[in-house]
2 protein chains.
Amino acid sequence: MLTIGALAKKTGTKVQTIRYYEDIGLMPSPERTEGGQRRYGAASLDRLGFIRHARNLGFGLDAIRELLDLSDRPDRPCSDVDEIARRHLQDVERRIARLETLRLELDRMLAECGAGRVSECRVLEVLRDHAECLTDHSV
Amino acid sequence: MLTIGALAKKTGTKVQTIRYYEDIGLMPSPERTEGGQRRYGAASLDRLGFIRHARNLGFGLDAIRELLDLSDRPDRPCSDVDEIARRHLQDVERRIARLETLRLELDRMLAECGAGRVSECRVLEVLRDHAECLTDHSV
DNA sequence: GATACATCCTCCAGCCACTGTAGGTTCAAG
DNA sequence: CTTGAACCTACAGTGGCTGGAGGATGTATC
């Protein structure tokens, strides 16, 4: 049996985060000692490990909830899982594309800027006037 | 003189967002009509345009505050501005790198998964066991 | 002048996924 | 039996807004 602190250490989670997962129903309420402290078994360790791993891969808590539910229904088609992962992948790809646009624009701004005074700073000029931008990064 | 709604439309901002910027001191308190409604002049339009443009480029509100302050001190060296932009660029690059790692891992998970049942789903297996991952995406 | 109705006002709650703090209790070691 | 680390609950705060309630104002039309 693990204390919440031990579970936290093993999974690289903060203690408060574990309690938060319990609050929102992502982790089940564990057993308690007579004094009211939480004690966790192997199943909790696995479940929290799964959650943290999915979080590290950027999945949102709602998606993780769905993945955990599916994990408990071994006969459902795998495509249900794939669907969630694919959705997430698309989201990641969208975010990469957006950030690449920003990177380009920031790079260009910085490249054009000499070592003068603020009054003639290209960075500020570009920020003042969107027309100076090559890309439409507003989306 | 513009109403808050007109200013919102011109800058692609929500009305509430403008009031929020005023609350946190990013936009100055504008004039008011006798009835207490806000009325904005050209300076406000410029300032909000600047803010929105910087937001679209991903700058945080604190960075924007610094940029606006510098914008009002034309004799300061341009490097002060560059420093802020460079910091932001680095942040963007870090986020891209992180997302690229995720993309790779998600891609691989999905590629390995056949059209079977959840019980033999590679996606879930990988999530259950971090050792299955090629990259250390926990950072 | 009355009415309609879009827009404005303030105040407050909620989003995501935690993180931190205050003030008090429990547990395990020595 | 005492110490002190770790635990408990409850709540506030993060960033950057967004939405809603409930009421006041501004403008166009009759």
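Is the crossing of helix 4 of chain B and helix 5 of chain B left-handed or right-handed? I checked, and this crossing is left-handed. A reminder to myself: I am working from a predicted model.

**Entry 1: the helix pair in chain B**

I stayed with these two helices for a while. Helix 4 (residues 61–71) and helix 5 (residues 79–112) of chain B pack at an angle of about 160°, and their axes are 10 Å apart. Angles over 145 degrees count as roughly antiparallel, so helix 4 of chain B is roughly antiparallel to helix 5 of chain B. Next I listed the residues in the contact. Helix 4 of chain B brings A63(B), E66(B), L67(B) and L70(B), while helix 5 of chain B brings D80(B), V81(B), I84(B) and H88(B). Sorted by class, the residues of this contact are five nonpolar, one polar and two charged.

**Entry 2: how the two chains are related**

I then laid chain A on chain B. A turn of 180° with a shift of 0.0 Å along the axis does it, at an RMSD of 0.0 Å. That is the relation of a two-fold axis. I also asked which C-alpha of chain A lies nearest the axis. The answer is that of I96(A), 2.9 Å from the axis.

**Entry 3: where the chains meet**

I turned to the contact between the chains, which takes 50 residues from chain A and 50 residues from chain B. On the chain A side, helix 3 (42–56), helix 4, helix 5 (79–112) and helix 6 (122–128) each supply at least two residues. Helix 5 of chain A gives the most to that side, with 21 residues. I sorted the side of chain A that touches chain B by class, too: 25 nonpolar, eleven polar and 14 charged residues. Of the interface residues of chain A, 100% are also interface residues in chain B, so the copies meet through the same surface.

**Entry 4: around the DNA**

Last, I looked at DNA strand C. How many residues surround it? I find 22, and the closest are G35(A), G60(A), T3(B), G5(B) and R38(B).

Definitions and conventions:
Residues numbered from 1 in each chain as written. Chains lettered and ligands numbered in written order. Predicted model: local features only at pLDDT ≥ 70, side-chain atom pairs only at ≥ 80, totals over all residues. Near = placed C-beta within 6 Å. Least-squares fit on C-alpha atoms with pLDDT ≥ 70 in both. Contact = placed C-beta atoms within 7 Å. Helix = DSSP H or I, 4+ residues; strand = E, 2+ residues; numbered from the N terminus. Nonpolar A, V, L, I, M, F, W, Y, C, P; charged D, E, K, R; others polar. Axes fitted to C-alpha atoms, helices over the stretch in contact; angles between N-to-C directions. Parallel < 35°, antiparallel > 145°, perpendicular 65-115°, else oblique. Left-handed = near helix turned anticlockwise from the far one by under 90°.
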